[in-house]
Amino acid sequence: MVRPTARREAATWAKDEHEISIRRSCRLFGVRTSSYYYRRHGREDGPLLEAIRAVARERRRWGCPRITDRLRRMGIQDNHKRIERIYRQAGLQVRRRHRKRTARGEREPLVKPTGANQVWAMDFVSDQLADGRRIRFLNIQDIYSRECLRIEVGRSLPGLRVIRALEELRETRGLPKRLMTDNGPEFTCRAMDQWAHARDVQLQFIEPGRPMQNGYIESFNGKFRDECLNQHWFRDVDEAQRLTEEYRKDYNQQRPHSALGNLTPEEFARRAAGADPHGGREGGESPEGIPLVEGKPMPVGLSLEVLQ
């Protein structure tokens, strides 16, 4: 009988059964009189529950930690344990989708850049439209800030479409020093190799069958499928492009990232010290302060007019 509640109940029983004073019964069972007279004044859970449900309705694949972070941003400063208790009582837990576990080989450390526009990662994700036709998504991510720079959507995304997407990013953000990809034909084609040579971008290919060597983009792909693709049923490519672009902006501006100290990618990029947040590969300076000039001329047979 060590719990305060049990000792209070025992003191009450002794007082009623043996008709002794409250002070004496409390002394016999080691209960302070102030604790004996204390009555719990619980707070109303209704307003907090409604706030939790509102966030959960908006973010159906968010668990309790991210919902708590969103409530903090809304000005709700309740203890995280109270939020989790109400969250569980309301039955809002997200069912985790488990993948089949396979044998794992030796783990290799992931690339850890020290500034924006040092390393970008690219990968494809496949889905299907409402009529069953196949659709593909090209995801491009800055590994340092975790920003999703672009989601290109199409029925077919050959190497020239990949180059066009990168060229459009060059106009607004610059280009990275290195591009990390798998060994797909869109990335290993001759056109991509010529473009990378002309723009002075190093192509880094992971080993075949080792997707976790490009683990940052694989992690994003999982979130993208769970929070976007599995939540929508696209009728056509235009609708897929519109909804995925909305998700990309929301991911960069609203979704906190635990690896970034619960900052959003754009918040982390703004706070990052040192290099220019947009890299400035062309017409600016590198993080080391070395002036950068225009890239090499495009090779014969790979003009940008072909990409339009």
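User: Which residues of helix 5 are buried?
Analyst: In helix 5 (residues 64–73), Cys-64, Ile-67, Thr-68, Asp-69, Arg-70 and Leu-71 are buried, meaning under 20% relative accessible area with a 1.4 Å probe and protein chains only. This is a predicted model, where local features need pLDDT of at least 70, side-chain atom pairs count only at pLDDT 80 or more, and totals for chains, interfaces and linings use all residues. Residues are numbered from 1 along each chain as its sequence is written, and side-chain values use heavy atoms, with hydrogens and water left out.

User: What covers the buried residues of helix 5?
Analyst: The cover includes helix 4 and helix 6. Helices here are DSSP runs of H or I, at least four residues, and strands are runs of E, at least two, numbered from the N terminus.

User: And what follows helix 5?
Analyst: Gly-75 follows, with a positive phi near 95 degrees.

User: At what angle do the axes of helix 4 and helix 6 cross?
Analyst: Roughly 75 degrees, and the axes of helix 4 (residues 46–58) and helix 6 (residues 80–89) come within 10 Å. Axes are lines fitted to C-alpha atoms over the stretch in contact, with angles from 0 to 180 degrees between N-to-C directions. Helix 4 is therefore roughly perpendicular to helix 6, a term for 65 to 115 degrees.

User: Which residues make the contact?
Analyst: Leu-48, Leu-49 and Ile-52 of helix 4 meet Arg-82, Ile-83, Ile-86 and Tyr-87 of helix 6, contact being heavy atoms within 4.5 Å.

How values were computed. Parallel < 35°, antiparallel > 145°, perpendicular 65-115°, else oblique. Buried < 20%, exposed > 50% of the residue type's maximum accessible area, 1.4 Å probe, protein only.
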